[in-house]
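Me: I would like a close look at a single part of this model, described step by step.

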Amino acid sequence: MAAVHEHLGEAMTKDKLKKSQVAFERAKKSIAHGVNSPVRAFGAVGGTPRFIAKGRGSHVTDIDGNDYVDYVMSWGPLILGHARPSVVEAIERAAREGSSFGAPTERETALAEEIKDAFPSMELLRMTSSGTEAVMSAVRLARAFTGRAKLVKFDGCYHGHSDSLLVKAGSGATTFGHPSSPGVPSALARETVSLRYNDADMLSGLLQRHGDDVAAVIVEPVAGNMGVVAPAEGFLKALRELTRKRGALLIFDEVITGFRIARGGAQERFGVSADLTVLGKIIGGGLPVGCFGGRKEIMEKLSPRGPVYQAGTLSGNPIATAAGLATLKELRKRDVYRRLETKSRRLARGLVNEARRAGVAVTLNRVGSMMTLFFGAERVTDYESALRSDTAQFGHFHAGMLARGIYLAPSQFEAAFVSTAHTDADIRATVRAAGGVFAELAEPG
Ligand code: PMP
């Protein structure tokens, strides 16, 4: 891939990357592999991770002064774009009043009320500092509430890096899983089974055999972590019915989809409600936040009045809740989601048209303002089909887009996020850039 990077990306910007290269080498001396979250290292695509100096609206600028239209958007939280004035002001105001108290504040309740208004299934909720933490707590609660230990997830869905969720599928539908990372005890991994996404029959079979042991089924109602994969017609409804029948809880991990694909997330968009819902990203307006909530009788099992322990020094942090509230307030405005839809559709169509024109085989999956362009001709409906995409070609595409000022997630298996800050000019520039890269990719040799 190195040679192609020379050709498409790095060569064009070689001296414009010096500072990022130096910064990366320096970071590696004190931060493990130079990054605080693995995908940032560009390992999946090659090349130098851009060290970002600032973001504004739909753009980010790296420390070498290169400007990019950003579709990473902090991996989803920035639905209003970078440094949205109303959010910045809310943060500044909150910071001046004190950054953390470890005591209740009214703003936490206001944020909880705003969330409940959008997600009626969340009768009670708790805030955390990350999505990982929120999922971990929801799973513990589900296990305690049902008195069962087994957990069902789906291949290709990511639910943070807590032990119970870092589990690969076992061989065949009936076997429980094994650790997908050293350090996860296999005894714990055996309590989790991972099934094929979009395959309700597989879940039905599993529940017939093990239904009495399953505490919860957790799903990304629109998958974002194998690239975007939409739920097949009826899949979410089937999950709802099957879990209800067997007394297992249904957990929707809406860390990405919450306030993204509709104000009320997948539950609003697909009309299916969960027993427990996990949120993160957008509800913190770009600050560290997570949240889980659901039916009252389940949530009441939490400490201090209930037996299930869960806590957090910075949970409901005053600055994070201020940023979240300011963000959610803007998402109440009329037409926000319709405008996001229009823009995202235009981008998706533009990309597909350019690929066709150049004769490059792609599949584009999109739900609202989240989308993934998979390199390969096959439809992508689950993890297996996602894995059949041409990651080397994606690597070339990624480098070529960067060289043309378009910042995409550095992996085939991620989403691109459109924000309210992306302009028609941004979309046109992106489509034009993609046309240029596709033409190069189509050149023989
Ligand atoms: N669930 C989903 C669906 C996610 O996409 C993520 C993070 N990308 C998480 C959970 C974990 O959230 P965090 O990174 O805040 O721990």
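Which helix lies across E13 and E14, and at about what angle does that helix run to E13?

Reply: This is a predicted model, and in it helix H12, made up of residues 336-358, lies across E13 and E14 and runs at about 175° to E13. The two strands under discussion belong to an open sheet of 3 strands, whose order is E13-E14-E16 and whose pairing is antiparallel. Strand E13 (362-367) and strand E16 (416-417) stand at the edges of this sheet and each has a single partner strand, so one side of each is left without a neighbour in the sheet. Between E13 and strand E14, which covers residues 370-375, there are 6 bridges, and the two strands run antiparallel. As one example of how residues pair here, Thr 363 has Phe 374 in E14 as its bridge partner.

The residues around the ligand include Thr 132, Tyr 158 and Asn 225, and by class the shell has 3 nonpolar, 6 polar and 3 charged residues. A polar side-chain atom of Thr 132 lies 2.6 Å from an oxygen atom of the ligand, while for Tyr 158 a polar backbone atom is 3.4 Å from a nitrogen atom of the ligand. Asn 225 also has a polar side-chain atom placed 2.9 Å from a ligand oxygen atom. Of the 390 Å² of accessible area that the ligand has on its own, the protein covers 81%.

How values were computed. Residues are numbered from 1 along each chain as its sequence is written. This is a predicted model: local features need pLDDT of at least 70, side-chain atom pairs count only at pLDDT 80 or more; totals for chains, interfaces and linings use all residues. Side-chain values use heavy atoms; hydrogens and water are left out. A residue is near a molecule or strand if one of its heavy atoms lies within 4 Å of it. A polar contact is a pair of N or O atoms within 3.5 Å; within protein, one must be able to donate a hydrogen and the other to accept it, and residues adjacent in sequence count only if both atoms are side-chain atoms. Accessible areas come from the Shrake-Rupley method with a 1.4 Å probe; for residues, only the protein chains shown count as cover. Ala, Val, Leu, Ile, Met, Phe, Trp, Tyr, Cys and Pro count as nonpolar, Asp, Glu, Lys and Arg as charged, and the others, Gly among them, as polar. Two strands pair if DSSP finds at least two bridges between them. Helices (H or I, at least four residues) and strands (E, at least two) are DSSP runs, numbered from the N terminus. Contact means heavy atoms within 4.5 Å. Axes are lines fitted to C-alpha atoms, for helices over the stretch in contact, and angles run from 0 to 180 degrees between N-to-C directions.
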